[in-house]
Every structure is written in C-alpha cells, then in structure tokens.
Amino acid sequence: MTGTLLNAGDEVDVVVTSAKPFGLFVESDSGVQGLVRGGGAAVGATVRVRVIEFDAAKSRFSPTLVD
C-alpha cells in the first residue's frame with residue numbers, strides 16, 4: 001500500500017472496481033479496498049465516500065456514500 005492511511009470521518013474519492021447486488025467494491029487512490037453496502041454505480045465510476053472504519057492490519061476500510 002502506498003500513500004497515507006485512512007481515518008474514520010475522512011471523505012475521499014474512490015473508484016468502483018466491482019458492483020454486486022449487495023454493494024460496491026471500491027478502491028482508494030492509495031490502493032486500499034473497501035465495500036460500500038447498497039448503493040449503485042457503474043464499474044470504473046468515481047464516487048465520494050466517508051470512511052467509517054479503517055483496518056490497517058487487513059488494509060481495507062468500511063465506507064458509506066456521501067450524498
């Protein structure tokens with residue numbers, strides 16, 4: 001992983017890497033992956049999310065879409 005770590009409350013732009021019925025898999029500029037529950041966007045789209053939780057040990061985060 002490169003770049004800075006994410007912190008709870010951060011708002012970041014992420015790219016949708018996969019869309020599933022239960023949510024969107026996304027990736028930050030620093031390469032950290034996350035799962036947005038619900039929501040809808042096309043693969044490759046850039047969306048703005050708020051970080052709920054960041055797990056540095058597993059290098060993943062839990063985001064929610066920003067309105």
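1. Contacts of serine 18. Leaving out residues up to four places away in sequence, serine 18 touches Gly23, Leu24, Phe25 and Val43. This is a predicted model. Serine 18 sits in strand β1, which covers residues 11–20.

2. Burial of serine 18. The relative accessibility of serine 18 is 18%, so serine 18 counts as buried. The cut-off for buried is under 20%.

3. Alanine 8, exposed. Alanine 8 lies in the segment before β1. Its relative accessibility is 58%, and therefore alanine 8 counts as exposed. The cut-off for exposed is over 50%.

4. Partners of alanine 8. Alanine 8 is in contact with Val51 and Ile52, with neighbours within four places in sequence set aside. Phenylalanine 54 is 46 residues from alanine 8 in sequence. In space, the C-alpha atoms of alanine 8 and phenylalanine 54 are 6.6 Å apart.

5. The largest pocket. Its volume is about 160 Å³. Phe54 belongs to the lining of the largest pocket, along with Glu53 and Asp55. The lining also includes Gln33, Gly34, Leu35 and Arg37. Arg60, Phe61, Ser62 and Pro63 are lining residues too.

6. Strands behind the lining. Three strands each supply at least two lining residues of the largest pocket: β3 (33–37), β4 (46–55) and β5 (60–65).

7. How many residues of each class line the largest pocket? The lining has 4 nonpolar, 3 polar and 4 charged residues. Gly34 is one of the lining residues, and Gly is classed as polar here.

Terms used
Residues numbered from 1 in each chain as written. Predicted model: local features only at pLDDT ≥ 70, side-chain atom pairs only at ≥ 80, totals over all residues. Heavy atoms only, no water. Helix = DSSP H or I, 4+ residues; strand = E, 2+ residues; numbered from the N terminus. Buried < 20%, exposed > 50% of the residue type's maximum accessible area, 1.4 Å probe, protein only. Contact = heavy atoms within 4.5 Å. 1 Å grid on protein atoms, 1.4 Å probe; cavity = no way out; pocket = protein on both sides within 12 Å on 5 of 7 lines; lining within 4 Å. Points joined across faces, edges and corners; volume = space filled by probe spheres on them.
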